[in-house]
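Subject: Structure for your files

Hello,

Here is the structure I said I would send. My notes on what was found in it follow below.

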Amino acid sequence: MLYELARVHRGRLVIAYLLTSSGMVAGLLYPLATGLAINGVLSGDYLAVLWLVGCHAAQLVLTVASKRYDTRVFTRIYSALASTVVRQSRADGLDPARVAARASLSREYTDFLEEDVSRILYAAIALTISLSALAFLQPALAFACLALGGPLLLIGRWLGRTSGLLNKGLNNRLESEVSLLSNGNDRRVRRHFEALAGWRIKLSDAEATAFGLMEMLVIVLFVAALWQVGAAETKPRAGDVFAIFSYLWRFVESLDQVPVLIQKSAKLRDLDQRLASATE
């Protein structure tokens, strides 16, 4: 269903993602511009501050424009999608409670397009710019970041399998929620919400475990970075040190998006099976 939504609304989505990506690029160049400004000021070249001002101004304008445009685009996409889901679900003969539940679940698709695609873009752009900057400033650290790819892939595969099973159980409960709240007694309602809490706790625990394993790798990365900077024969300038550690943090921030995106993808795969008839 995501592909169909992207095809139908491709023009609006392309503009939205271009604005979002441009703002991200400006923001991710900020540490480099700050490093240049620091080095310039320390050497007496105060015009170097213009790099920082220009980068910040570009980020501000692009981010404001992106937020204003996104609100208009994604609210309209959800309105069109929810109407389609309701119409097709009624045609399939589903009871009103299940129709309402599916219309509510369809919100996950527009949330993914609006929020999670932005996370994917940020992760991809941050990884690219961070690794490129580190390769320029301290090549050994760029290779150290790349070396984390293997362990991170294993963690991601485990989380993907676990999330798929847990989201299926959670969505089974959510799809029957309206009917149960309308017709169930107090005991059944209480058990329903207890079950929902159980599924969400398990999902949170899985995400927390993956996050914790990733952060253990991050500690190793920062220790290696400190050792590399301290052991260098030619000591880097203050602005270069600032940029190096800023881009290490950007690299880590992009990794932090991975567990959330894996869980959301698993949830949407399950929803695709439930809502497939809505686009037929």
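R237 is exposed, at a relative accessible area of 52% (buried is under 20%, exposed over 50%, partly exposed in between, with a 1.4 Å probe and protein chains only). R237 forms a salt bridge with D240, and the closest N and O atoms are 3.5 Å apart (a salt bridge is a side-chain nitrogen of Lys or Arg within 4 Å of a carboxyl oxygen of Asp or Glu).

Please note that this is a predicted model, in which local features need pLDDT of at least 70 and side-chain atom pairs count only at pLDDT 80 or more, while totals for chains, interfaces and linings use all residues. Residues are numbered from 1 along each chain as its sequence is written, and side-chain values use heavy atoms, with hydrogens and water left out.

The structure holds two salt bridges. Besides the one at R237, D116 pairs with R119, with 2.5 Å between the closest N and O atoms. Both residues lie in helix 6, three residues apart, about one turn of the helix (helices, H or I of at least four residues, and strands, E of at least two, are DSSP runs numbered from the N terminus). D116 counts as buried at 2% relative accessibility, whereas R119 is partly exposed at 28%.

As for the overall fold, the protein has 11 helices and zero strands. The C-alpha trace spans about 75 × 40 × 30 Å along its principal axes. Of the 280 residues, 42% are buried. Among contacts with a separation of 6 or more, 82% are between residues 24 or more positions apart (contact means heavy atoms within 4.5 Å). The accessible surface comes to about 15100 Å², and 63% of that belongs to carbon and sulfur atoms (Shrake-Rupley method, 1.4 Å probe; for residues, only the protein chains shown count as cover).

The largest nonpolar core has 35 residues, of which L134, C145, I244, F245, L248 and F251 touch the most other members (a core is a set of buried Ala, Val, Leu, Ile, Met, Phe, Trp, Tyr and Cys residues joined through side-chain atoms within 4.5 Å). Helices 2, 6, 7, 8, 10 and 11 each give two or more residues to this core. A second, separate core of 15 residues includes L5, V85, L113 and V117. Leaving aside neighbours within four places in sequence, L248 is in contact with L134, L141, C145, L221, F222 and A225.

A search of the whole structure finds one aromatic pair. Y17 and F74 form this pair, which is tilted, at 6.5 Å centre to centre and 40° between the planes (rings of Phe, Tyr and Trp, the last by its six-membered ring, pair if their centres lie within 6.5 Å; planes under 30 degrees apart are stacked, over 60 edge-to-face, the rest tilted). Because Y17 lies in helix 2 and F74 in helix 4, the pair ties together parts that are 57 residues apart in sequence. Both Y17 and F74 are buried.

Helix 4 also holds S66, which is buried at 7% relative accessible area. Not counting residues up to four places away in sequence, S66 touches A16, L19 and T20.

W51 is found in helix 4 too, but W51 is exposed at 56%. With V25, L29, L32 and L36, W51 makes a nonpolar surface patch of about 430 Å² (patches take residues with over 30% relative accessible area and no salt bridge, joining like charges within 9 Å and nonpolar side chains, Val, Leu, Ile, Met, Phe, Trp and Tyr, within 5 Å).

Regards
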